[in-house]
Amino acid sequence: MTPPPDQKRDTGKTLAPNLPDYERARAAFSWQQAREELAGMPDGKLNIAYEALDRHLDTPTADRTAIRFLPREGPPVDISYRELAERSNRFANLLQELGLQPGDGVYCLAHRIPDLYAAALGTLKHGCVFTPLFSAFGPEPIRSRVEIGEPVAIVTTERLYRRKLAEWILETPSVRHVLLIGDVADAPDGTLDADQAMTRQSADYATRPMNPEDRALLHFTSGTTGKPKGAIHVHEAVVAHHITGKHALDLPPEDIYWCTADPGWVTGTSYGIISPLTNGTTMVVDEEEFDAERWYRILQDQRVTVWYTAPTAIRMLMKYGPELARQHDLSRLRFLSSVGEPLNPESVHWGRHTLGLPFHDNWWQTETGGIMIANFTSMPIKPGSMGRPVPGVEAAVVRHTNEGIELINDPAETGELVLKTPWPSMFRGYLHEDERYRKCFIGDWYLTGDLARCDEDGYLWFIGRADDVIKSSGHLIGPFEVESVLMEHPSVAEAGVIGIPDEVAGETVKAFVSLKPGFEPGENLMKEILGLARKRLGPAVAPRQVEFRDRLPSTRSGKIMRRLLRARELGLPEGDTSTLEGGKE
Ligand code: ATP
Ligand code: MG
């Protein structure tokens, strides 16, 4: 296969891909060598924040822009690596003054403002464990995560404090400090104006050397399949954050990189804070939420070269049509990638036609801490496939047997996606759920809970989450396959597919779709969509029913919650809805 002409490397210079030859890079790769790209600290110690900031300070990177912050209104604000290092030092000094010890938990509930980044990195510098929370969470999800993780300090803004924390946080036994960042008009009793307190602190701080296995991050999963789990990550993870950003997102320092994920989720931390900084790039941080026009303007005006986003955002842009995209100069873009949900082939093609570049899908989980499977710059894309394992990671597809698991070699057979342990950013536990953690492993393999297929060329194809897969008349049907076909219909903006119990077939397929502007639900349209599905998938796999919805339930990180579609359809309990988009704030 010859690589398609995907890469438009017109950033002013010709850039060679970081990973020019996948096979060769894979064969030569070792985690030890990847670690040597970082500075490390004496006696085998390391610290994520040291790699992200300190080690750049005696290099030209120090004066490069680390964060280009786009406030809701007004001009961009550039923060250099040196300035970010100093600000995070002030924060680390503040934690020290308050008596926080290494290992103590620090939660952060804030929207995307520069001091969120300084607080995250300052927390890591001081050896504390950082947990981001999504600022749109309501008090209940925040409270349950605080009770599980027992942080010693919470970093938030005055507004969020008053709206979501004031009524209960001060009575929470573990929480000794509430630190307010951003503009503070009047710090309520029991809170500290950290913005002001930081100005008193020294801009120097000796980053704590940590053991590679010391805890660094606690991330809650997205809650797509049930109650969110707290995944524990250690400082060693930075080796994977760094090298996967370099290989799978193709990040060299010359890039203007935009990761649209909120740091409330793992993507927004691993690839929205740590990886771009260890790689010395400039990252765009937008304070505002999704808005198609604003996003195109950012891509154009900030001359974004590498863009990391999610299928839900791509689907929303598709909904607005190609005209809006064409009104903007997007010629600086050279690499587009996507994560979080299966990326429909339709979205890959749309990227190619409308933006001039295809989207490169990659796959990973909160538990894996970093990208595990990816479509790389130098590899041909197979639309609909997640790509191939990153160098250093071995992935396989297995079937479960009475004895355990068995590798599947048949490219046509579906099984559970597993990863060979260990790798640096592998989670080291689920908080307070040891038994659940242990159950994620058989022998040397980590069981991902996702089903996949591996083709003759070693490309992995996502079938669905084990929980979402539909068993109908002896067929195993992955919702993704069906949804991707439904998305091919010009009217369909989003599709979610579930199985509903059926006496004869076991389960039958039911689809929920939302429509693009300009299309009205109706009998004829339904027949057309069903017809397309039947033609493309065959009657055994095609949905029997299609129901129109204004929007589909999804997590705040943009994942369609099929378990909710199913629970609502069948009148079952809804379970944990703390991460539901549009839920109570
Ligand atoms: P929970 O574990 O709480 O149910 P979650 O699994 O959605 O939530 P995350 O860790 O944020 O929480 O998401 C990881 C999951 O997202 C993967 O296991 C997979 O199901 C899905 N996913 C991520 N990237 C992709 C991708 N490129 N293609 C298909 N699925 C993906
Ligand atoms: Mg999960």
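Biologist: How far is an oxygen atom of ligand 1 from an N or O atom in the side chain of glutamine 365?

Modeller: The separation is 2.8 Å, which falls under the polar contact criterion (a pair of N or O atoms within 3.5 Å; within protein, one must be able to donate a hydrogen and the other to accept it, and residues adjacent in sequence count only if both atoms are side-chain atoms). This is a predicted model, in which local features need pLDDT of at least 70 and side-chain atom pairs count only at pLDDT 80 or more, while totals for chains, interfaces and linings use all residues. Residues are numbered from 1 along each chain as its sequence is written, ligands are numbered from 1 and chains lettered from A in the order written, and side-chain values use heavy atoms, with hydrogens and water left out.

Biologist: And what is the distance for threonine 225?

Modeller: A polar atom in the side chain of threonine 225 is 2.4 Å from an oxygen atom of ligand 1. For lysine 559, a side-chain N or O atom lies 2.8 Å from a ligand 1 oxygen.

Biologist: How much of ligand 1 does the protein cover?

Modeller: The protein covers 96% of the 620 Å² of accessible area that ligand 1 has on its own, by the Shrake-Rupley method with a 1.4 Å probe.

Biologist: Which residues around ligand 1 come nearest?

Modeller: Of 21 residues around it, Ser222, Gly223, Thr224, Thr225 and Thr366 come nearest; a residue is near if one of its heavy atoms lies within 4 Å. The shell comprises 5 nonpolar, 9 polar and 7 charged residues, with Gly counted among the polar ones.

Biologist: Which strand gives the most to that shell?

Modeller: β14 does, with 3 residues. Both β14 (359–363) and β23 (460–465) supply at least two residues each; strands are DSSP runs (E, at least two residues), numbered from the N terminus.

Biologist: Changing topic, where are the domains?

Modeller: Domain 1 spans 22–454 and domain 2 spans 470–570, with bounds from an automatic or database domain assignment. Their centres, taken over C-alpha atoms, are 31 Å apart.

Biologist: What about the peptide bond from threonine 421 to proline 422, cis or trans?

Modeller: That bond is cis, with omega near -10°. Proline 422 sits in the loop between β19 (415–420) and β20 (429–430).

Note on methods. Helix = DSSP H or I, 4+ residues; strand = E, 2+ residues; numbered from the N terminus.
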